[in-house]
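Thanks for coming, everyone. Please bring up the model on your screens and follow along as I talk.

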Amino acid sequence: MGVGMYVPGQRGEGVDVGPTGTGGQDIDLKNPTVLVVEDEETIVEFLTMGLTYEGFTVTSVRNGKDALAAFQRVHPHLVLLDIMLPGVDGITLCRTIRGRSDVPIIMLTARGELEDKVKGLDSGADDYLPKPFKFAELMARIRAVLRRHRIITGSKLQAGDLVLDHDTREVTDGGRPLTLTPREFDLLECFMRHPRQVLTREAILDRVWGYDQMIETNVVDVYVRYVRNKLADGRRQRLQSVRGVGYVFQP
Ligand code: CA
């Protein structure tokens, strides 16, 4: 597999490894990613099992320092954050994440920590769930928070006039059907699943092309241009460049 400049036609859609050939990639795009920040092993196991069963892709870390690194790496759709953590505490971590992203955050508060007091600290969390909790209770909160953030965990994603159906692989823009190649479709889906989040070229490559693909990051620029042309946005560009970083989808 050659490393080097992207040459159109050389790695075209016909010869490229499609979604069926890349195994986990498709699951990663379809299933929302949740970052669990919790130092109690039994709770991590409990959450990982339950959330995986519910169709989430779970990444878990045990402390605040690892949490920030994992946050940058996986671009989660949801963060479950314990308050009492070794090193950086949950409140501080929540404020830091909130400074970078509007990702939904649910804080897990230990028994004995007054919920009102924690809320009064105004960390920017979307919701607070006192421990111990039933898994069903957590799922109800998660669904409510995701709904508020307009994250749809089913097959259809909607951002303004743009509707993408993961299962039928159809995209319409203001009712007008768009004809996208499989790769363009995956790229647009990746953006629509992370609205208003700046995605680096590397993160996009990992998600859309697969982490083991030896491809130069400029392939991302080429495909963003293809999708932009098909969206025909004119002056209000939905796929915006973030200079020196990557791209952001503004619905
Ligand atoms: Ca703890």
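The chain has nine helices and 12 strands. Here helices (H or I, at least four residues) and strands (E, at least two) are DSSP runs, numbered from the N terminus. Keep in mind that this is a predicted model: local features need pLDDT of at least 70, side-chain atom pairs count only at pLDDT 80 or more, and totals for chains, interfaces and linings use all residues. Residues are numbered from 1 along each chain as its sequence is written.

Of the 251 residues, 28% count as buried. A residue is buried if 20 or more other C-beta atoms lie within 10 Å of its own, exposed if 12 or fewer, and partly exposed in between, with C-beta atoms placed from the backbone. Now contacts. Two residues are in contact if their C-beta atoms, placed from the backbone, lie within 7 Å. Take the contacts with a separation of 6 or more: residues 24 or more positions apart account for 57% of them.

On to the sheet. What is the order of the strands in the open sheet of five? The order is 2-1-3-4-5, with parallel pairing. Two strands pair if DSSP finds at least two bridges between them. Strand 2 and strand 5 stand at the edges with a single partner strand each, so one side of each has no neighbour in the sheet. From one strand to the next, the twist averages 20 degrees.

Look at the two ends of that order. Strand 1 and strand 2 run parallel, joined by five bridges. Leucine 35 stands opposite threonine 59 in strand 2. At the other end, four bridges join strand 4 to strand 5, again in parallel. There, threonine 109 stands opposite proline 130 in strand 5.

Two helices pack on this sheet. Helix 2 touches strand 1, strand 2 and strand 3, and its direction makes about 165 degrees with that of strand 2. Helix 6 touches strand 3, strand 4 and strand 5, at about 180 degrees to the direction of strand 5. For these values, axes are lines fitted to C-alpha atoms, for helices over the stretch in contact, and angles run from 0 to 180 degrees between N-to-C directions.

Helix 2 also has a place in a right-handed β-α-β unit, with strand 1 and strand 2. Right-handed means that, with the strands pointing away from the viewer, the path from the first strand over the helix to the second runs clockwise.

Stay with strand 2. In a regular strand the side chains alternate between the two faces of the sheet. In strand 2, Val58 and Ser60 point to one face and are buried.

Next, helix 3, residues 64–74. Which of its residues are buried? They are Gly64, Ala67 and Phe71. Turned away from the buried side are the exposed residues Ala69 and Gln72. Just after helix 3, histidine 75 takes a positive phi of about 45 degrees.

Now the cores. A nonpolar core is a set of buried Ala, Val, Leu, Ile, Met, Phe, Trp, Tyr and Cys residues joined through C-beta atoms within 7 Å. The largest has 26 residues, and Val34, Val37, Val79, Leu80, Leu81 and Ile105 touch the most other members. Elements that each supply at least two of its residues include strand 1, strand 3, strand 4 and helix 6. Another core lies apart from this one, with 22 residues, among them Leu157, Leu164, Leu180 and Phe191.

Last, some backbone details. A cis peptide bond joins lysine 131 and proline 132, with omega about -5 degrees. Proline 132 sits in the loop between strand 5 and helix 6. Arginine 169 has phi near 60 degrees, a positive value in a residue other than glycine. Its loop runs between strand 7 and strand 8. Arginine 196 also has a positive phi, about 65 degrees. Is arginine 196 buried or partly exposed? Arginine 196 is partly exposed, because 13 other C-beta atoms lie within 10 Å.
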